[in-house]
Amino acid sequence: MPFSMIFAVCGIVMGNALHKGKSKAYLFMSTGISLLITFAIQYIVAVKLFEQDFIKESFQLMRDSYMESFELAKNLTGEMPMNEEAFKETLNLMFQHMEMSIPAVVTLSAFFFAFLLISVNLPILKRLGIAIPKFHAFKDLRLPKTILWIYLIVLTVQLFVRPEIGTTLYVIVLNFSFVLWVLLTIQGISFLHFVLDLKRAPAFLKVLATILAIPLYNFVILLGILDLGFDIRSYVSGKIRK
């Protein structure tokens, strides 16, 4: 039932956008927002009417799994992997941060799911003869520069205000930071694809660069910031073509 409602709402939103000839960016944003709203409604209904908080239950299962792993390691080795109190404190801090970052995780998941739905359904609709909008190539992706200003504001709050863990400001900054990290990482990967495309690199190098961007996300975020803040694409393309 929950998934059928999600697919029904997405189908209506996507169908309406295609019928009106909207752009693919509009299609993506409207589908992502509709997914968020549908999920929020279903979550509220599950908590209020059925008294089932599946998010809290999932975290409890994870917490129990960590504790069982700790006990199993202690029983197998006869020694504690680390001080039990320190382990519980670290575990509580980790889950506290995970719980506080739920809004960002849900938002990113909704838009990722929207992207998957669009990527799967639009080629099918095209084969059926329905006019569909097109995205620009990933290498040409340029996110709004507003993202950079928001990132600078969030970074300033983190460096100079330093909100206490658990406060409303801390939760807001944490969620904004998480979303901005992902967006700037995507922008950085796009820049890498742009450079590799200029060098006529084989496709597997683009795949490799995308995979390596995950462990090297700090460097990739820096590339994303430079790509948004400065016209480094023109500089790099000029250097390569020489």
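A salt bridge is a side-chain nitrogen of Lys or Arg within 4 Å of a carboxyl oxygen of Asp or Glu. The legends below describe close-up views of a predicted model.

**Figure 1. Salt bridges of Asp197.** The side chains of Asp197 and Lys206 form a salt bridge, with a nitrogen-to-oxygen distance of 3.4 Å. Asp197 also pairs with Lys139, and here the closest N and O atoms are 3.8 Å apart. Because Lys139 belongs to the loop between α5 and α6 while Asp197 belongs to helix α7, this pair ties together parts separated by 58 residues in sequence. Both partners are partly exposed: Lys139 has a relative accessible area of 23%, and Asp197 one of 33%. Lys139, Asp197 and Lys206 are joined with Asp140 in a network of salt bridges. The structure as a whole holds 4 salt bridges.

**Figure 2. The buried pair Arg233 and Asp227.** Arg233 forms a salt bridge with Asp227, and the closest N and O atoms lie 2.8 Å apart. Arg233 is buried, at 6% relative accessible area. Asp227 is likewise buried, with a value of 0%.

**Figure 3. The largest pocket.** Helices α2 (24–48), α5 (102–127), α6 (146–161) and α7 (168–198) each contribute at least two lining residues. The largest share, 13 residues, is supplied by α7. By class, the lining consists of 26 nonpolar, 7 polar and 4 charged residues.

**Figure 4. The second largest pocket.** About 640 Å³ of space lies in this pocket. Among the 25 residues of its lining, those closest to the centre are Ile6, Phe39, Gln42, Tyr43 and Phe54. Two or more lining residues come from each of α1 (2–19), α2, α3 (54–77) and α5. Helix α2 gives the largest share, with 8 residues. The lining contains 21 nonpolar and 4 polar residues and no charged ones.

**Figure 5. A nonpolar surface patch.** Met29, Ile33, Ile37, Ile41, Val45, Leu49 and Phe50 make up a nonpolar patch on the surface. Together these residues present about 680 Å² of accessible area. Met29 is located in helix α2. With a relative accessible area of 41%, Met29 is partly exposed.

How values were computed
Residues are numbered from 1 along each chain as its sequence is written. This is a predicted model: local features need pLDDT of at least 70, side-chain atom pairs count only at pLDDT 80 or more; totals for chains, interfaces and linings use all residues. Side-chain values use heavy atoms; hydrogens and water are left out. Helices (H or I, at least four residues) and strands (E, at least two) are DSSP runs, numbered from the N terminus. Ala, Val, Leu, Ile, Met, Phe, Trp, Tyr, Cys and Pro count as nonpolar, Asp, Glu, Lys and Arg as charged, and the others, Gly among them, as polar. On a 1 Å grid over the protein atoms alone, a cavity is a set of points where a 1.4 Å probe fits but cannot get out, and a pocket is an open set with protein on both sides within 12 Å along at least five of seven lines; lining residues have an atom within 4 Å of a point. Grid points are joined across faces, edges and corners, and a volume is the space filled by probe spheres set on the points. Patches are made of residues with over 30% relative accessible area and no salt bridge: like charges are joined within 9 Å, nonpolar side chains (Val, Leu, Ile, Met, Phe, Trp, Tyr) within 5 Å. Accessible areas come from the Shrake-Rupley method with a 1.4 Å probe; for residues, only the protein chains shown count as cover. Buried means under 20% relative accessible area, exposed over 50%, partly exposed in between (1.4 Å probe, protein chains only).
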